[in-house]
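Let's take a friendly tour of a protein model. Have a look at the sequence and the 3D view, then read on.

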Amino acid sequence: KACEYTIIGGVMISYLKGTLEALEEDKVVIDVGGIGYGVFMSGQAMGLLPSIGKEVKIHTYLNVKEDAMQLYGFLTKDDLEVFKLLIGVNGIGPKGGLGVLSALSPDELRFAVMSSDVKAICQAPGIGKKTAEKLILELRDKLRLEDALEHLASENEVQGAAAYQGEVQSDAVQALVALGYGSTEALKAVRQVDITENMEVEEVLKQALKLMMF
């Protein structure tokens with residue numbers, strides 16, 4: 001039975017905070033008090049980690065099997081919660097759930113589920129059409145599109161200009177979806193546009209459309 005938290009010496013631990021010691025093909029090694037923990041992470045999450053030697057905080061999920069105990073790590077609680085929803089879908093195990101989050105960020109997954117974008121979900125390794133359809137059916141009432149739009153609008157909300165950027169991104173994504181583009185594809189394209197201060201939604205749309213043509 002999989003445990004919700006990492007359990008070490010009878011103590012329940014929901015995250016690891018320590019020094020990033022190594023990056024391997026599908027996992028990282030984190031030094032916590034002189035003990036190196038191997039933690040499996042998605043490719044997207046590993047790409048956002050700081051350089052080796054820096055301090056990191058990783059939210060963890062411990063999967064216990066008869067012959068192994070494997071730690072899975074996430075940068076935010078939201079990532080962890082989405083992962084737990086994924087592995088709750090019949091036919092998707094921890095590695096499959098991590099594969100989905102390597103292909104799609106949690107917000108991209110929300111867009112894909114809400115728009116029934118089977119093709120986007122099938123980008124994940126080992127996820128076929130039937131499994132993608134089952135995932136959409138089971139998670140439609142559990143993943144809210146509003147959460148994705150709120151995250152998009154509040155990204156880097158430390159400065160006013162950044163808040164404006166998030167609002168423009170959100171409007172641009174919704175406009176592309178209204179034009180008939182897949183929501184996941186639209187989200188990825190808009191996030192690649194370098195939005196400057198006072199840039200209008202129309203200009204963001206033009207640049208995003210150019211990116212989607214290549």
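How many helices and strands does the protein have? There are ten helices and seven strands, where helices (H or I, at least four residues) and strands (E, at least two) are DSSP runs, numbered from the N terminus. This is a predicted model, in which local features need pLDDT of at least 70, side-chain atom pairs count only at pLDDT 80 or more, and totals for chains, interfaces and linings use all residues. Residues are numbered from 1 along each chain as its sequence is written, and side-chain values use heavy atoms, with hydrogens and water left out.

**The whole protein**
- Taking contacts (heavy atoms within 4.5 Å) between residues at least 6 apart in sequence, 54% join residues at least 24 apart.

**The barrel and its helices**
- Five strands form a closed barrel in the order β3-β4-β5-β7-β6, with mixed pairing; two strands pair if DSSP finds at least two bridges between them.
- Strands of a sheet pair through backbone hydrogen bonds, either parallel or antiparallel.
- β5 (residues 35-40) and β7 pair in the parallel sense over two bridges, and V39 stands opposite L71 in β7.
- Helix α2 packs on the sheet, touching β6 (55-64) and β7, and its direction makes about 15° with that of β6.
- Helix α3 also packs on the sheet, where it touches β5, β6 and β7; its direction makes about 20° with that of β7.
- For these angles, axes are lines fitted to C-alpha atoms, for helices over the stretch in contact, and angles run from 0 to 180 degrees between N-to-C directions.

**The nonpolar cores**
- A nonpolar core is a set of buried Ala, Val, Leu, Ile, Met, Phe, Trp, Tyr and Cys residues joined through side-chain atoms within 4.5 Å.
- The largest one has 29 residues, of which F74, F83, L86, L109, I121 and L135 touch the most other members.
- Elements that each supply at least two residues of this core include β7 (69-74), α2 (77-86) and α6 (129-139).
- L135 touches L86, V89, I92, L109, V113 and I121, leaving aside residues up to four places away in sequence.
- A second, separate core of 17 residues includes F111, L176, A186 and V193.

**A covered helix**
- Eight of the nine residues of α4 are buried, among them D107, L109 and F111.
- Just after α4, S116 takes a positive phi of about 55°.

Technical notes: Buried < 20%, exposed > 50% of the residue type's maximum accessible area, 1.4 Å probe, protein only.
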